[in-house]
Amino acid sequence: MAIQTRSHPTAIEVSAKPELPTKRDEARNGALMVSPAVVLLLVFFLVPVLLCFILAFTNARLVSPEPTHFIGLDNFSRLFQDPLFWKSLRNTFYFAIVVVPLQSAFALVLALLVNSQHKGTNIFRTLYFIPVVTSIVVVSILWRFMYQPEGLVNQLLQTVSFNTIQGTDWLNNQSSAMPAIMFMSIWQAVGFHMVIWLSGLQTIPAELYEAADLDGTNRWEKFRYVTWPGLRATRTFILVTITIAALSLFAQINVMTNGGPRDATSTVVFQAVRVGYQQQATAYASAISLAFFVLVLTVSLVQRYLTRDKD
């Protein structure tokens with residue numbers, strides 16, 4: 001009788017199972033993936049913020065033979081006695097108080113107009129959004145030429161008024177420089193907030209409008225009781241973003257007026273940049289930036305509290 005023997009499988013015959021990654025491997029891979037973003041945040045955000053807090057309490061300058069040393073609250077006491085800072089602060093609030101409601105309301109009107117599927121709607125959406133994707137520096141340069149005494153704005157005013165309105169030198173007039181920048185800023189950024197309003201409008205269920213139609217409501221009642229309550233989260237976001245952008249006004253001022261005439265358009269951010277780079281007073285510019293940070297944080301918290309969900 002033949003005896004059958006069972007041979008053991010060789011190493012080649014045995015199929016090796018893939019090793020599953022351990023938690024340590026997953027943590028290492030995750031750290032490698034987020035490391036570029038973390039390095040960028042550290043270098044371009046955290047380090048400058050820490051330097052701003054530190055330098056605000058010193059006498060540091062960009063170029064100075066004197067060594068940097070701690071001077072306490074001297075920069076802040078100087079800041080509160082600086083008339084240019086208070087004038088810049090008034091100009092900043094003046095710009096924000098006018099631009100925030102006008103820009104948000106105009107953007108909502110545009111969003112309501114293009115919130116449909118009619119033929120040609122996408123063309124209007126694109127036209128309204130083109131100024132947003134254009135560089136603010138390029139837009140400011142174009143409008144600076146348009147605001148000149150012989151520029152397009154005055155020529156249009158003369159044509160429309162049959163030469164009864166001659167216009168003015170908009171950017172060199174103390175009473176018209178800031179309103180001119182306000183108008184340009186609203187025109188340039190209204191398309192962005194129109195898109196945000198539009199995204200909020202499209203999240204409102206169509207059944208609510210159908211129920212409102214069955215109840216016989218008119219357009220105003222439909223907007224008041226259906227559209228406006230449905231935009232609660234959207235309007236909070238838009239209010240905060242427009243306010244922060246308005247308080248951070250810099251590019252338009254730097255390109256169009258350079259803070260003039262007679263500091264009529266100087267803002268807090270513009271003053272901080274001018275003091276820090278042109279006058280090389282790094283410590284004093286850091287104090288201005290720190291005061292601006294507290295200002296924006298306070299305004300944002302107040303807005304968030306006033307627009308909170310009270311239900």
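Predicted model: local features only at pLDDT ≥ 70, side-chain atom pairs only at ≥ 80, totals over all residues.

Visitor: What is the handedness of the crossing of α10 and α13?

Guide: The two helices in question are α10, residues 232-247, and α13, residues 282-306. Their axes lie 10 Å apart. The crossing of α10 and α13 is right-handed.

Visitor: How are α10 and α13 oriented to each other, roughly parallel or roughly antiparallel?

Guide: The packing angle between α10 and α13 is about 160°. Angles over 145 degrees count as roughly antiparallel. The orientation of α10 and α13 to each other is therefore roughly antiparallel.

Visitor: How many residues of the contact of α10 with α13 are nonpolar?

Guide: From α10, the residues T236, L239, V240, T243, I244 and L247 take part. They meet F292, V296, V299, S300, Q303 and R304 in α13. Of the residues in this contact, 1 is charged and 4 are polar, while the number of nonpolar ones is 7.

Visitor: Is F192 buried or partly exposed?

Guide: F192 lies in helix α7, which spans residues 177-201. Its relative accessible area is 37%. Buried would require a value under 20%, and exposed one over 50%. F192 is therefore classed as partly exposed.

Visitor: Which residues does F192 contact, leaving aside its neighbours within four places in sequence?

Guide: One distance between C-alpha atoms is of interest here: those of F192 and Y128 are separated by 8.5 Å, although the two residues are 64 residues apart along the chain. With neighbours within four places in sequence left aside, the residues in contact with F192 are F129 and V132.

Visitor: Where is P261 placed, and what is the omega of the peptide bond from G260 to P261?

Guide: P261 has its place in the loop between α11 (251-256) and α12 (268-278). Most peptide bonds are trans. The bond from G260 to P261 is instead cis, with omega near -5°.

Visitor: What is the phi of N163?

Guide: N163 lies in the loop between α6 (152-160) and α7. Most residues other than glycine have a negative phi. N163 is a residue other than glycine with a positive value, its phi being near 65°.

Visitor: What is the phi of Q280, and what is its relative accessible area?

Guide: Q280 is found in the loop between α12 and α13. Its phi is positive, near 60°, in a residue other than glycine. Q280 is also partly exposed, and its relative accessible area is 28%.

Terms used: Residues numbered from 1 in each chain as written. Heavy atoms only, no water. Axes fitted to C-alpha atoms, helices over the stretch in contact; angles between N-to-C directions. Helix = DSSP H or I, 4+ residues; strand = E, 2+ residues; numbered from the N terminus. Parallel < 35°, antiparallel > 145°, perpendicular 65-115°, else oblique. Left-handed = near helix turned anticlockwise from the far one by under 90°. Contact = heavy atoms within 4.5 Å. Nonpolar A, V, L, I, M, F, W, Y, C, P; charged D, E, K, R; others polar. Buried < 20%, exposed > 50% of the residue type's maximum accessible area, 1.4 Å probe, protein only.
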